[in-house]
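Here's a quick briefing to read alongside the model. Have the structure open and follow the topics in order.

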Number of protein chains: 4
Amino acid sequence: MINVGVLGATGAVGQRFVELLADHPWFKLTTLAASDRSAGKPYGKIVKWRLDTPFPENIGKIKVVPTSPSAMKNVDLVFSALPADIATATETEFADAGIAVCSNASSHRMEPTIPLVVPEVNPEHLGLIDVQKDTGRDGFIVTNPNCSTIMMVTALAPLRKFKFTDIRVATMQAISGAGFEGVAAMAIYDNVIPYIGKEEEKMETEALKIMGTLKGKKVVNAPFKVSASCHRVPVIDGHTMAVWADIKEPLAKIRKAYMDYKPPIKGLPTQPAESVHFFDEEPDRPQPRLDRMRGRGMTVSVGRLREGVRFVAMGHNTIRGAAGASVLNAELIVKKKYL
Amino acid sequence: MINVGVLGATGAVGQRFVELLADHPWFKLTTLAASDRSAGKPYGKIVKWRLDTPFPENIGKIKVVPTSPSAMKNVDLVFSALPADIATATETEFADAGIAVCSNASSHRMEPTIPLVVPEVNPEHLGLIDVQKDTGRDGFIVTNPNCSTIMMVTALAPLRKFKFTDIRVATMQAISGAGFEGVAAMAIYDNVIPYIGKEEEKMETEALKIMGTLKGKKVVNAPFKVSASCHRVPVIDGHTMAVWADIKEPLAKIRKAYMDYKPPIKGLPTQPAESVHFFDEEPDRPQPRLDRMRGRGMTVSVGRLREGVRFVAMGHNTIRGAAGASVLNAELIVKKKYL
Amino acid sequence: MINVGVLGATGAVGQRFVELLADHPWFKLTTLAASDRSAGKPYGKIVKWRLDTPFPENIGKIKVVPTSPSAMKNVDLVFSALPADIATATETEFADAGIAVCSNASSHRMEPTIPLVVPEVNPEHLGLIDVQKDTGRDGFIVTNPNCSTIMMVTALAPLRKFKFTDIRVATMQAISGAGFEGVAAMAIYDNVIPYIGKEEEKMETEALKIMGTLKGKKVVNAPFKVSASCHRVPVIDGHTMAVWADIKEPLAKIRKAYMDYKPPIKGLPTQPAESVHFFDEEPDRPQPRLDRMRGRGMTVSVGRLREGVRFVAMGHNTIRGAAGASVLNAELIVKKKYL
Amino acid sequence: MINVGVLGATGAVGQRFVELLADHPWFKLTTLAASDRSAGKPYGKIVKWRLDTPFPENIGKIKVVPTSPSAMKNVDLVFSALPADIATATETEFADAGIAVCSNASSHRMEPTIPLVVPEVNPEHLGLIDVQKDTGRDGFIVTNPNCSTIMMVTALAPLRKFKFTDIRVATMQAISGAGFEGVAAMAIYDNVIPYIGKEEEKMETEALKIMGTLKGKKVVNAPFKVSASCHRVPVIDGHTMAVWADIKEPLAKIRKAYMDYKPPIKGLPTQPAESVHFFDEEPDRPQPRLDRMRGRGMTVSVGRLREGVRFVAMGHNTIRGAAGASVLNAELIVKKKYL
């Protein structure tokens, strides 16, 4: 068992980390960091638990520590649910202190030496860890993409053997993506908000790195363009998206690619039975309320495959799209013996 | 004043017709048709009024008649809110009996001799009325498009001077589009349904006819393709859509086209001050709850213009997208002296 | 293992029965009945599964049978999710054919010889089974109350030692209580419907029977009154209710009754660890979204205890309030050796 | 025309004040106060308009001033939408400076010399203005009750001739009652929150003052008790409540009291045609979405009258329950020549 900690343990993504790690077979959650004023108090007293799963009472007794490497000496790996503005410096500090950081924050995603990984899509990018270590750093940072990007690239994974030109994607994103307090009820109820700050930029840049090729010590971006239009809709969890991929192949071949898809990884505890569930017959799926918990929230569902090539993809944004993505990365790190 | 009637007067679109016609300056609503078992009863007794505007008490006293030309001899024009399966034969019957029909049903939209009109986009298509009359028919049928199509073609109207290639559109449609009983709360609450029967086909075919050119007695379809992905979201009224139009012009020219846009019609009572409202500065508009009632529900709002060319369009689906569209067509018919 | 079947297996409550029985330790789900036109087809082909839990594939292969005792000869007990109008005759037919019926339908609840049971409240009322058997019937019918009534009487269970006078209760009920198609989205979204047909009458009569006393072969109703006001709110699952019980005791004694409460039954597989969860410190609980799945949907949560005596109760209406209630009754029947 | 100003003009209630005063026949809205950092800027530049009615462009040009009497010398009356913590001192300052204050804040409601008025219920309580003036103050403060209290006391107005004992009330309150940012979407969507800070206390104390009797220079509280249970539900606007009033009269007399009700005031511009709309026949009304805009948001609707005496009341919380209530009070003040 590897001792692990969570940074930003009380927020929306932080709580998901705690939920996923409370009974993890490889990781022992020993340490929780939150704001300085919470330090010293039991996690169960300071967290306002907002998930509909039972609060893990054993974790509730852990005393919260400040967010600094010196307070977390017993851990080998931390999961970061920090906001981007804090994550930039703090995650670097942890990595420099010899701790592995699996981060959901956007701060370091586009740095050339930092892997931006979805295990089903680009596990080989973990090779950048060695590039980081070459700089004399003891620890390292591995990031997962923005939630919408994860759904898109995972849904596209079965199609990578085909030649793409442009991707267009219109998202219908859940309110939990903005954190517990991020969207006022008056703003989103009976409404669509056709704007999410920096989301389109993230989808348009991150996807090219993830689907790019590791050549030597560098990732060469994938040679296509992504054009995104991002919208918030009144859904609690689950990002849905309509995708157009300009693939010049018969639809039957595309369909077969989904039917035959096998991800390039296996044996990771958080990996679902199906990384991509393909709805071949149901005309009205995937739907967030019915499909977001498929594979305990880790399966990305794809349906409505049509000429275009068009399809609809959907996944759980705070599990597959955030905390679960980081945990899966950490499992891959362990399996690949980087830790 | 022209005496008019409404077919299908008790449903979602029928009630909107009644609301819009109760105090109309050109049309006198004298006759309401509904199912045979309602015939003879006052409208106010049989309708379950579900709009949040006050019920027009003067209309409530009108006795409902059966849906047949013989029962509606005093009217010169009927508005049809009939379901498509009934509309096919019934609307033909009314037109053959010498009555003008402004229909919101899909039945006759794609018939070569029947105009499919949005006054701001293709008013000249009313010329097909003469083609209908050449067949010896005394009345005629004029149709308006599907609700989503109306929003899209109206939002594209300022851009018609540019050369298009393909259009891609992802819709986020309101539940009222399916009628009062059309979507179960259990189906749509906290959910997105990525499928609306025949909606994509309608958008893909109707738009080409509307944006086509009337040459002699025929409409030649517009020379581009529409690829639609239609989704239902938990919004009461207002269809939002992300549109990509492949226009090879600088964004500044596109923006100027919206700023300078003047529709080709004027002086119609139901026409709003702005057919297209362009949000140039607000980053997060249009939004259905805040913008659907702009121009008393008749304005189509456009915002988030970006390279791509991408934008977001939104309009009220049961007013601009249904009953209001038919009433505006009827006003154009009167103004152009077809009646 | 006792072989059991489900009547009305495709509806909202029927699907919950299938979910709860798919892996039950005492009951083997062998038979599923649905409408005649479905008979002969595998359940997996005819059911439109709408729960967010995985569909039990092993049950999906079972071929559906017609709703008649002759088609279900291999079962000893059936769970009825039939609508009330069909349940009246059909459940009688099954009981006469020697089959035990655990019914969620309202048809037989108020019949003098039929037990209306919530195991935590009136397990001894199962004694009425003997009264039924005395009439020469081989099988028997046991019913559970209406969903709202179950939450109320379970929440009141810890207070039964005190003298009550009147109960007043205002409910805020979930849309799933009306079945998958029971409430149109246009009716309930952004709205409250202050009326649910026959619901107030059920709460006002059923509670008195359940909290009544079995004397000889009869139940003597409890000597207080219930005055209910029932409302539908935009919540998917979970009925919340504000309760006033006129108890002339200090609040501290009431609170202690909740803290010390132990239900009169134990050892039933579907029984939750806590039949009643009491929120003593949290000022804003119970809440349906956070608390409905407590005890796998079988716990009734109580909070906001105040002078009055006032409190708020909440429970999952299709699990604790319907299918789970029937299954718990069946388990009690087995434990008490009536089967 | 009386020059008036609004304090707290950019918030949820402040925007409603602007909407109601933009074209008022008696009041000229000349001055808008907001936070110091907004001072000097045009209202249209600093307000984020969130109502679905068109923004009043003429008001948009008014330059915002700081919240102090010296900056608002040209007005005779201000409407206060200030938060309670600021209102306490600020409103006193304005009254001392000779300005009439009509306040929606809770700060001064329960002070013995300050009228807490609903014009239909206790117009004579304005007599306390003279008591305030006796202290040498030039201006005065008049308050309106909490939104839920207003609906309750207005709904009870037709019943005041009967003897009451206790009132019990369970509310289902809209999210707009907490302000634009007051409730997070993650907190209320698919949920009920059975707690609103201080709301129950307000209903329980304010109602007794409003329904009390002005004797000399004092209000003697009404001699009954109110026991409230307050809940937030996912509704945008419109507070619904189930009320029990212990009135020992036949239901027919109660019903007649509603049918015959005439309010004690008339001729005020903001007063609706019906202060109380009574649904005598419709079994499922009032409903917030359909009925909140009755009387332009100023009518309180009552329905479902049953033995108990029980009924359901509903009104628009930010119009009748806040800004409209203050404006109606101001109109009464003018009519009664206190200004």
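**Salt bridges between chains**

A:R292 and B:D190 join their side chains in a salt bridge, 2.8 Å from N to O. This pair runs from one chain to another: A:R292 sits in the loop between α10 (288–291) and β12 (300–306) of chain A, and B:D190 sits in the loop between α7 (185–188) and α8 of chain B. Keep in mind that this is a predicted model.

- A salt bridge also links the side chains of B:E200 and A:R306, again at 2.8 Å, N to O.
- Across the interface of chain B and chain A, the rule turns up 10 salt bridges.
- Over all chains, the count by this rule is 76 salt bridges.

**The interface of chain B and chain A**

- How much area is buried between chain B and chain A? It's about 3,400 Å², and carbon and sulfur atoms give 52% of that.
- On the chain B side, B:D190, B:W244 and B:R289 lose the most area to chain A, and together they make up 20% of what that side buries.
- The contact draws 41 residues from chain B and 41 residues from chain A.

**The interface of chain A and chain D**

- Here 15 residues of chain A touch 15 residues of chain D.
- Chain A and chain D bury about 1,400 Å² between them, with 77% of it on carbon and sulfur atoms.
- How many salt bridges does the rule find across the interface of chain A and chain D? The count is 0.

**Helices α6 and α8 in chain B**

- In chain B, helix α6 (residues 147–156) packs on helix α8 (residues 199–210) at an angle of about 45 degrees, and their axes are 9 Å apart.
- That angle is why α6(B) counts as oblique to α8(B).
- The crossing of α6(B) and α8(B) is right-handed.
- From α6(B), the contact uses B:C147, B:S148, B:T149, B:M152 and B:V153. From α8(B), it uses B:E199, B:K202, B:M203, B:E206, B:A207 and B:I210.
- Sorted by class, the contact of α6(B) with α8(B) has 6 nonpolar, 2 polar and 3 charged residues.

**Helices α6 and α8 in chain D**

- In chain D, the axes of helix α6 (residues 147–156) and helix α8 (residues 199–210) come within 9 Å and cross at roughly 45 degrees.
- With that angle, α6(D) is oblique to α8(D).
- Which hand does the crossing of α6(D) and α8(D) have, left or right? It's right-handed.
- α6(D) brings D:C147, D:S148, D:T149, D:M152 and D:V153 to the contact. α8(D) brings D:E199, D:K202, D:M203, D:E206, D:A207 and D:I210.
- By class, the contact of α6(D) with α8(D) comes to 6 nonpolar, 2 polar and 3 charged residues.

**Helices α1 and α11 in chain D**

- Helix α1 (residues 12–21) and helix α11 (residues 319–335) of chain D have axes that come within 9 Å and cross at roughly 50 degrees.
- α1(D) and α11(D) are therefore oblique to each other.
- The crossing of α1(D) and α11(D) is right-handed.
- On the α1(D) side you'll find D:V13, D:R16, D:F17, D:L20 and D:L21, which meet D:I319, D:A322, D:A323, D:G324, D:S326 and D:V327 in α11(D).
- By class, the contact of α1(D) with α11(D) has 8 nonpolar, 2 polar and 1 charged residues.

**Backbone spots to check**

- A:R285 and A:P286 are joined by a cis peptide bond, with omega at about 5 degrees. Look for A:P286 in the loop between β11 (276–278) and α10 of chain A.
- Another cis peptide bond joins B:G308 and B:V309, and there omega is about -25 degrees. B:V309 lies in the loop between β12 (300–306) and β13 (310–315) of chain B.
- C:R304 has a positive phi, near 55 degrees, in a residue other than glycine. You can find C:R304 in strand β12 (residues 300–306) of chain C.

Notes
Residues are numbered from 1 along each chain as its sequence is written. Chains are lettered from A and ligands numbered from 1 in the order in which they are written. This is a predicted model: local features need pLDDT of at least 70, side-chain atom pairs count only at pLDDT 80 or more; totals for chains, interfaces and linings use all residues. Side-chain values use heavy atoms; hydrogens and water are left out. Axes are lines fitted to C-alpha atoms, for helices over the stretch in contact, and angles run from 0 to 180 degrees between N-to-C directions. Helices (H or I, at least four residues) and strands (E, at least two) are DSSP runs, numbered from the N terminus. Angles under 35 degrees count as roughly parallel, over 145 as roughly antiparallel, 65 to 115 as roughly perpendicular and the rest as oblique. A crossing is left-handed if the near helix is turned anticlockwise from the far one by less than a right angle, and right-handed if clockwise. Contact means heavy atoms within 4.5 Å. Ala, Val, Leu, Ile, Met, Phe, Trp, Tyr, Cys and Pro count as nonpolar, Asp, Glu, Lys and Arg as charged, and the others, Gly among them, as polar. Buried area is the accessible area (1.4 Å probe) that two parts lose on being put together, summed over both. A salt bridge is a side-chain nitrogen of Lys or Arg within 4 Å of a carboxyl oxygen of Asp or Glu.
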